[in-house]
Amino acid sequence: MTNSIRFRINDKVVQADAADADMALVDFLHERQDLTGTKFCCGIGVCRACTVATREGEGGVLEKTLSCSTPVSAVENMSVYTVESLGSEQALAPLQQAFLENFSFQCGYCAPGFLMAATAMLSHLKRAPVPASQLDAVIETWVGGNLCRCTGYVRYMEAIRKVALPYTRDGGVKS
């Protein structure tokens, strides 16, 4: 094993010591990078609150990754995106704004996982749009396994649909 593991977090190059290779990515984000937006919940990847987006190479699409069960060594030479990568100090990202407008969450603990899974979904839709009639099924595939204990899932789905609709093949226009 090399002396360090190099990868990117939110477009910043980072290095992890070889001693951290087996550390869960969520722990590395919290303890070594002070990025606490990604939440640890069940610890076995069932709830998906810990979802981050990852990308291999510069031109790849984003994939959803469970940071509680992914060791740091698994993201070597990859890009990792956390909820802190969305929006800016001046403006929220469209998904974040849609979540607020649709009152999609109550306590907010699971919201970062929903946001990052939906961000990965949008990356795929931009590359390979689907008909608007299939959008609900696509959303279900990408975020249907994310668990929320506070609120219903309808508002999450509505917010994600609102942002994703322009990326469908027909832009949401019904024929």
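The buried residues of helix α2 are covered by elements that include α3 and α5 (154-164), where contact means heavy atoms within 4.5 Å. Helices here are DSSP runs of H or I with at least four residues, strands are runs of E with at least two, and both are numbered from the N terminus. This is a predicted model, in which local features need pLDDT of at least 70 and side-chain atom pairs count only at pLDDT 80 or more, while totals for chains, interfaces and linings use all residues. Residues are numbered from 1 along each chain as its sequence is written, and side-chain values use heavy atoms, with hydrogens and water left out.

Helix α2 spans residues 94-101, and Leu95, Gln96, Ala98 and Phe99 are its buried residues. Buried means under 20% relative accessible area, exposed means over 50%, and partly exposed lies in between, with a 1.4 Å probe and protein chains only. The arc is that of the directions from the helix axis to the C-beta atoms. An α-helix has 3.6 residues a turn, so residues three or four places apart point the same way. After α2 comes Phe103, whose phi is positive, near 45°.

In α5, the buried residues are Tyr156, Met157, Ala159, Ile160, Val163 and Ala164. Seen down the axis of α5, they fall within an arc of 165° and therefore line one face of the helix. These buried residues of α5 pack against α2, α3 and α4.

The packing of α3 against α5 comes next. Their axes are 11 Å apart and the packing angle is about 30°, which makes α3 roughly parallel to α5. Axes are lines fitted to C-alpha atoms, for helices over the stretch in contact, and angles run from 0 to 180 degrees between N-to-C directions. Angles under 35 degrees count as roughly parallel, over 145 as roughly antiparallel, 65 to 115 as roughly perpendicular, and the rest as oblique. The crossing of α3 past α5 is right-handed. A crossing is right-handed if the near helix is turned clockwise from the far one by less than a right angle, and left-handed if anticlockwise. On the α3 side the contact is made by Ala111, Phe114, Ala118, Met121, Leu122 and Leu125, and on the α5 side by Tyr156, Ile160, Val163 and Ala164. By class, the contact of α3 with α5 has 10 nonpolar, no polar and no charged residues. Ala, Val, Leu, Ile, Met, Phe, Trp, Tyr, Cys and Pro count as nonpolar, Asp, Glu, Lys and Arg as charged, and the others, Gly among them, as polar.

Helix α3 (residues 111-127) also meets helix α4 (residues 135-143): their axes come within 9 Å and cross at roughly 130°. The two helices are therefore oblique to each other, and the crossing of α3 and α4 is right-handed. From α3, Phe114, Ala117, Ala118, Ala120, Met121, His124 and Leu125 take part in the contact, and from α4, Leu135, Val138, Ile139, Trp142 and Val143. The contact of α3 with α4 divides into 11 nonpolar residues, one polar and no charged.

Helix α4 packs with α5 at an angle of about 120°, with axes 10 Å apart, and α4 and α5 are therefore oblique to each other. This crossing of α4 past α5 is right-handed. Leu135, Asp136, Ile139, Glu140 and Val143 of α4 meet Met157, Ile160, Arg161 and Ala164 of α5. The contact of α4 with α5 has six nonpolar, no polar and three charged residues.

The remaining residues lie in loops. Thr38 is in the loop between α1 (25-31) and β3 (51-56), and counts as buried because its relative accessibility is 1%. Not counting residues up to four places away in sequence, Thr38 touches Val26, Leu29, His30, Cys50, Val52, Ser67, Thr82, Val83 and Glu84.

Phe40 is found in the loop between α1 and β3. At 40% relative accessibility, Phe40 counts as partly exposed. With neighbours within four places in sequence left aside, Phe40 is in contact with Val26, Cys68 and Tyr109. Phe40 and Gly113 are 73 residues apart in sequence and 9.9 Å apart in space, C-alpha to C-alpha.

Ala21 is in the loop between β2 (12-17) and α1, and at 2% relative accessibility Ala21 counts as buried. Ala21 and Ala137 are 116 residues apart in sequence and 36 Å apart in space, C-alpha to C-alpha.
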